[in-house]
Amino acid sequence: MSFIDLHVHSTASDGTLSPTEVVELAANSGLSAIALTDHDTTVGISEALNAAEKAGIQVIPGVELSCIYKGKEIHILGLFVNWQNPVFQTELDRLLSVRNQRNEEMLKRFQADGFPITYNDLTGGCPDTVITRAHFARVLTEKGFAPSINQAFQKYLQYGGKYCLRKELITPEHAIEVLTANKAFPVLAHPCQYKLGWAETEALIRHLTALGMQGLEVYHSSQTPDQSRKLLAIGRKYGLLPTGGSDFHGANKPDISIGTGMGSLRLPETMLADLRQARRL
């Protein structure tokens, strides 16, 4: 049986491996397909597709969009995005502009308090990368201001804190509208991470389904088998196809391995076949 991973990040956003390295790692790990789903960008997809031809593995073009729902940040994956569509890229460029303005202000606040952090430190030699909180956490750890990436998040990068402005987010309505107009396959990412409780989680899923969402990330590194069973039942109730992924980030999430997550994640290639069939229909 072949296995897949439909939620993977690279240095195009907050992963630590280049798109080529991610593809090579996936192939060497025995996976038959991955979805590259970097935050608010598709800049790594061309490189990943080129690497996939050489490695003999499928790469599904994807993206992960951040949205605001009742004051809480949620993430919506777009699978099978038409990443070269100019209208879609214009929207991503707008989102990146908002994100970059926030990052510049965060950097100014750190520098004003004597933290010797530069923009080049954050990009880590990848000028096209989308800067996220993970980049700040990595640099703070490397420069000795925190003993670990997790501690850097806790000490300096809590949303709404002195150094971490809440970023301007789009609505789920807008995110799904953008993805469906692109003929992508919208999926709610890691539903249990939002800690909404089951009643509110189902209300969110019901709301997003009415907007055009088509899939639910039933299987994820952060979710227990019991949570996945409950999500599978909710997904079936609303006619959503199950998806899954490790949310691999390389060294930024060292306990998560591509394809297997924290050790037990194994997603059959038939899941991808079901998604393709649904898109054809």
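1. β6 and α9 each contribute at least two residues to the lining of the second largest pocket, in what should be read throughout as a predicted model. The space in this pocket comes to about 210 Å³, and of the 13 residues that line it, those nearest its centre are His220, Gln223, Pro225, Ser264 and Leu265. Sorted by class, the lining of the second largest pocket holds five nonpolar residues, seven polar residues and one charged residue.

2. The largest pocket has a volume of about 1400 Å³, and its lining is made up of 45 residues, with Arg133, Phe153, Tyr159, Gln193 and Lys253 lying nearest the centre. Two or more lining residues come from each of β3, β4, α3, α5 (133-142) and α6 (149-156), and the largest share, four residues, is that of α6. By class, the lining of the largest pocket divides into 18 polar, 14 charged and 13 nonpolar residues.

3. How many cavities of 30 Å³ or more does a search of the whole structure find? The search finds one, and the space in the largest cavity is about 80 Å³. The residues that line the largest cavity are Asp40, Ser66, Leu95, Val98, Arg99, Lys167, Glu168, Leu169 and Ile170, and helix α3 (residues 86-112) gives the largest share of them, three residues. Four of the lining residues are nonpolar, four are charged and one is polar.

4. His190 deserves a point to itself. This residue sits in the loop between β5 and α8, and it counts as buried because its relative accessibility is 2%, where the limit for a buried residue is under 20%. Leaving aside residues up to four places away in sequence, His190 touches His7, Glu64, His75, Glu217, His220, Ser222, Gln223 and Asp247.

5. Asp247, which is one of the residues touched by His190, is found in the loop between β7 (241-245) and β8 (267-268). The phi angle of Asp247 is near 65°, a positive value in a residue other than glycine. Is Asp247 buried or exposed? With a relative accessible area of 3%, Asp247 is buried.

6. Phe80 likewise has a positive phi, of about 60°, although it is not a glycine. Its place in the chain is the loop between β4 and α3, and Phe80 counts as buried because its relative accessibility is 10%.

7. Helix α8 (residues 198-211) has 14 residues and spans 20 Å from its first C-alpha to its last, which is close to the 20 Å expected at 1.5 Å a residue. The buried residues of α8 are Thr201, Glu202, Ala203, Leu204, Ile205, Leu208 and Thr209, and the elements that cover them include β3 (58-69), β4 (72-79), α7 (172-181), β5 (185-188), β6 (215-220) and α9 (225-237). Of these covering elements, β6 and α9 were named above for the residues they supply to the lining of the second largest pocket. Just after α8, Gly212 takes a positive phi of about 125°.

8. How many disulfides does a search of the whole structure find? The search finds zero. Cys192 is in no disulfide, and the nearest cysteine sulfur, that of Cys67, lies 18 Å away. For Cys164, the closest cysteine sulfur is also in Cys67, and it is too far for a bond because the separation is 17 Å, whereas a disulfide needs the sulfur atoms to be within 2.5 Å. Cys164 is buried, with a relative accessible area of 0%, and Cys192 likewise counts as buried, at 17% relative accessibility.

Key: Residues numbered from 1 in each chain as written. Predicted model: local features only at pLDDT ≥ 70, side-chain atom pairs only at ≥ 80, totals over all residues. Heavy atoms only, no water. Expected span 1.5 Å × (residues − 1). Buried < 20%, exposed > 50% of the residue type's maximum accessible area, 1.4 Å probe, protein only. Contact = heavy atoms within 4.5 Å. 1 Å grid on protein atoms, 1.4 Å probe; cavity = no way out; pocket = protein on both sides within 12 Å on 5 of 7 lines; lining within 4 Å. Points joined across faces, edges and corners; volume = space filled by probe spheres on them. Nonpolar A, V, L, I, M, F, W, Y, C, P; charged D, E, K, R; others polar.
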